Amino acid sequence: MIALTGFMTAPWLSSAQNFSIPHLRVTLLLTKEAQIMKIVPIGIWGGYPKANSATSSFLLEHEGFHCLIDCGSGVLSSLQNYLPLEKLDAVVISHYHADHIADIGSLQYSRLINYYLGKPLKPLPIYGHQEDPENFGKLSYKEQTIGIPISKEETIQIGPFDVSFCETKHPVYCLAMKFQTTDHSIVLTADTEWQEELVEFARDADILISEANLYEEHVGKAPGHMGGSEAGNLAHLANVKQLILTHLPLHGNIEEILQAAKVHYDGSAELAEVGKEYVL
Ligand SMILES: [Zn+2]
C-alpha cells in the first residue's frame, strides 16, 4: 500500500526512486513502511557467535536508508536474511575489536565482486573513529568502501539520522552512538563498563540498546563490560522508553541477565532477538 504523505526527496535513494520530469514537481512517494524507523538485531553475541548466528550487530532503517551498526563475525551471513548486501547505505563501527569488525573484509569483497561482475556499486561509507589509525585505514578499500571519521566531539548526518557519540569505558577506544530523527532517538552503548556519562547521553531515548555481557557475579571484576543490573540501572536513570540487551555471553542462562536488568528498570526490557523488528 502506497501512502502519500508529502513531497520529499532523499539523496541516498537511487535515481529510480528519486526522479524528476519536466513540468512535474519531483515527487517521491514513500511507503508508510519506509517512513517508520526500524531497528533489527542481526546478531546478539559478545566475543564470537554461536553456530549459525552472529556477534552483536543491528540494522537500522528509516526513509529507505539502511545503516548497519557493527560488522563482526557472522554478521555478513545473517544480514542477508534481512537485506540484500547491495542495498546497504552505510556502516558505523563502534570500535575495532574483532567481534565488531571481523566481517568488514568480506563485506568489501562482496562489493569488489559486484564490480568484477560489471555491476559496480557506489563506494560504501564505513564510519569509524581515528584513535586507531591502522584499523581506521582498513575501512577504505579499492574504492569499494570509504572510511569516514567519527568523534565524540561532532554530530554528523548519516542518511536521515543525526548521529552523535560518547566515549565508553572499554580496553580499546570505543564510541556509544545516538541516532536521532525529529521524532525519535535510539542509543546504543556499544561495549562499555559502567560509564556515568551514558546516563545523560541516553536521556529519554525511545530505545536503549545496551550491552550486558556479564552475569552478576562478574560485575565489576571483568573490565570493559556491564551486567544486566547495570544496563537496567542505566535505562532507569536515563528514563528511556525501552531497553534491549545485547552483546550477551555464550555461556550460562542469559535469561538471568534480563532478570537482573528488570530489578532496576520497570519499563519494557528484553533480550535482543535476531530478526525481530523494533519499530518507532
Ligand atoms: Zn569490545
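Predicted model: local features only at pLDDT ≥ 70, side-chain atom pairs only at ≥ 80, totals over all residues.
Q: OK, and how many helices and strands does the chain have?
A: There are eight helices and 14 strands.

Q: Let's look at α7. Is α7 mostly covered or mostly open?
A: Mostly covered: α7 runs over residues 228–238, and nine of its eleven residues are buried.

Q: Which residues of α7 are the buried ones?
A: They are Gly-228, Ser-229, Glu-230, Ala-231, Gly-232, Asn-233, Leu-234, Ala-235 and Ala-238.

Q: Tell me about α8 then. At what angle do α7 and α8 pack?
A: At about 35 degrees, and their axes are 7 Å apart. The crossing of α7 past α8 is right-handed.

Q: Which residues meet there?
A: From α7 you have Gly-228, Ser-229, Ala-231, Gly-232, Asn-233 and His-236. On the α8 side they meet Ile-257, Leu-258, Ala-260, Ala-261, Lys-262, Val-263 and His-264.

Q: What classes of residue is that contact made of?
A: The contact of α7 with α8 has six nonpolar, six polar and one charged residues.

Q: What happens just after α7?
A: Asn-239 comes there, with a positive phi of about 60 degrees.

Q: Switching to the core: how many residues are in the largest nonpolar core?
A: It has 72 residues, and those with the most contacts inside it are Val-91, Ala-176, Leu-208 and Leu-243.

Q: Pick Leu-208. What does Leu-208 touch?
A: Leaving out residues up to four places away in sequence, Leu-208 touches Val-187, Ala-202, Leu-234, Ala-235, Ala-238, Val-240 and Leu-243. Leu-234, Ala-235 and Ala-238 are also among the buried residues of α7.

Q: Now the sheet. What's the strand order in the open sheet of seven strands?
A: The order is β6-β5-β4-β3-β2-β1-β14, and the pairing is mixed. The edge strands, β6 (145–150) and β14 (278–279), each pair on one side only.

Q: How about β2 and β3, parallel or antiparallel?
A: Antiparallel: β2 (residues 57–62) and β3 (residues 65–69) pair over five bridges.

Q: What stands opposite Leu-60?
A: Cys-67 in β3.

Notes:
Residues numbered from 1 in each chain as written. Buried ≥ 20, exposed ≤ 12 C-beta atoms within 10 Å, placed from the backbone. Helix = DSSP H or I, 4+ residues; strand = E, 2+ residues; numbered from the N terminus. Pairing = 2+ DSSP bridges. Axes fitted to C-alpha atoms, helices over the stretch in contact; angles between N-to-C directions. Left-handed = near helix turned anticlockwise from the far one by under 90°. Contact = placed C-beta atoms within 7 Å. Nonpolar A, V, L, I, M, F, W, Y, C, P; charged D, E, K, R; others polar. Core = buried A, V, L, I, M, F, W, Y, C linked by C-beta atoms within 7 Å.
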